[in-house]
Amino acid sequence: LDLRNKDGSLMAFVSTALPTHIRASLEVNLLAALGNADLLGDMDTRLPGGRPFQAMHLSWYNRHCTSGLNAPTDVQPWLLEKEGMRTNHGQVIPYISQDLQQHRLVYGTISKVYRELFEWVRQLMENYLQEEFEMLMEVASVLPGNALPPVVPFISLVININVRTKAHRDSGDRHLCLVIPIGHFEGGALCLLENGLVLELRNGDIAIFRSSEVTHFNLDYRGGRASLVF
C-alpha cells in the first residue's frame, strides 16, 4: 500500500508481504540475540502500574555534526577552527551511539540473525520507493571508514521492548522511518495523527512514514510486543 500526499511525496507505505519463513522466526531470533527468552512477557498496557519500555539505539548519528556552511573548501575539516570558540572535532563526522559502542556483540548478532530480513527490506525499498531509497543512501554511502550498516539505506536501528509510545515526532530522523512490530500481541496499532491513519500492524508487517513531520503513537496492546525501527 503506497499512500501519497498531494505533492506526490510519500505519506505512508505498508507491506504485509514479508515471506512466512522470515516472519515466523522474528521473535525467537530477537530473544536469542538479546539473550533473554522471557523478555517479551505478556502484558496489558491498559492496566495501571505498567513498566516503562526498554530501548536500545544501535545507530550512527549525524544530528549534532558541524554543518560546514560557508567553511573554506581548501582546509581539511580536522584543521578548521572558529575564532574565539572551541571546535569539537568529534562532531565533524558522523559517529556511533553509546548503545552501539557498549553492545557491539548484540549488534553483530542482530546483523547475522536478521540478515535475510534486512536484505528483503532493502530490496523492497529499492524496488518500490526508489526516490526515497536514493535519498537515504546519500548519507549511508559516505559513513566514516566505509562503514555499511546492516539496515542500509538507513543508518539507525532501534530495538524497542514492550513498547507503547506517546504521541511524538522524531525530529532527528531524516524524513522517514521504518517500523517492524515483532511478537504475539493484540492491538498496538500505529497511529499517524495528521494523516488520519490507524495502521493495524501484525508481527512482521512493515510501515514506512514521515516520522520527522507526522505525530505518531501506538495504541494499547495485550501480549508481548517489540519493534525494530530503522
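Here are some worked exercises on the predicted model above.

Before you start: residues are numbered from 1 along each chain as its sequence is written, and side-chain values use heavy atoms, with hydrogens and water left out. Because the model is predicted, local features need pLDDT of at least 70 and side-chain atom pairs count only at pLDDT 80 or more, while totals for chains, interfaces and linings use all residues.

**Exercise 1. Helix H4**

Task: Work out which residues of helix H4 (residues 104-113) are buried, and what they pack against.

Solution: 
- Helices (H or I, at least four residues) and strands (E, at least two) are DSSP runs, numbered from the N terminus. Buried means under 20% relative accessible area, exposed over 50%, and partly exposed in between (1.4 Å probe, protein chains only).
- List the buried residues of H4: Val 106, Tyr 107, Ile 110 and Ser 111.
- Look down the axis. These residues cover an arc of only 135°, so they sit on the same side of H4. The arc is that of the directions from the helix axis to the C-beta atoms.
- Now check the neighbours, where contact means heavy atoms within 4.5 Å. The buried residues of H4 pack against helix H2 (26-34), strand S4 (54-61), helix H3 (98-102), helix H5 (115-128) and strand S6 (156-161).

**Exercise 2. Strand S6**

Task: Is S6 enclosed or open, and which strands pair with it?

Solution: 
- Count burial: 6 of the 6 residues of S6 are buried, so the strand is largely enclosed by the rest of the structure.
- Find the partners; two strands pair if DSSP finds at least two bridges between them. S4 and S6 pair in the antiparallel sense over 6 bridges, with Ser 59 bridged to Ser 156.
- S6 is also joined to strand S12 (residues 221-229) by 4 bridges, again antiparallel. Here Ile 161 has Ala 226 as its bridge partner.

**Exercise 3. The nonpolar core**

Task: Find the residues with the most contacts inside the largest nonpolar core.

Solution: 
- Start with the rule: a nonpolar core is a set of buried Ala, Val, Leu, Ile, Met, Phe, Trp, Tyr and Cys residues joined through side-chain atoms within 4.5 Å.
- The largest one has 48 residues, and Leu 117, Leu 228 and Phe 230 have the most contacts inside it.
- Ask who contributes: H5 gives the largest share of this core, 6 residues.
- Apart from this core lies another, of 15 residues, including Leu 190, Leu 197, Val 214 and Val 229.
- Zoom in on Leu 228. Leaving out residues up to four places away in sequence, Leu 228 touches several residues, among them Leu 117, Phe 118, Leu 157 and Ile 159.

**Exercise 4. Aromatic pairs**

Task: Classify the ring pairs Phe 13 with Tyr 128 and Phe 154 with Phe 230.

Solution: 
- The whole structure holds 5 aromatic pairs.
- Phe 13 and Tyr 128 have ring centres 6.3 Å apart and planes at 35°, so this pair is tilted. Phe 13 lies in strand S2 (residues 10-15) and Tyr 128 in helix H5, 115 residues apart.
- Check burial too: Phe 13 counts as buried at 6% relative accessibility, whereas Tyr 128 is exposed at 55%.
- Phe 154 and Phe 230 are edge-to-face, at 5.9 Å centre to centre and 65° between the planes. Both Phe 154 and Phe 230 are buried.
- Ring pairs link Tyr 114, Phe 118, Phe 154 and Phe 230 into a cluster.

Definitions and conventions. Rings of Phe, Tyr and Trp (its six-membered ring) pair if their centres lie within 6.5 Å; planes under 30 degrees apart count as stacked, over 60 as edge-to-face and the rest as tilted.
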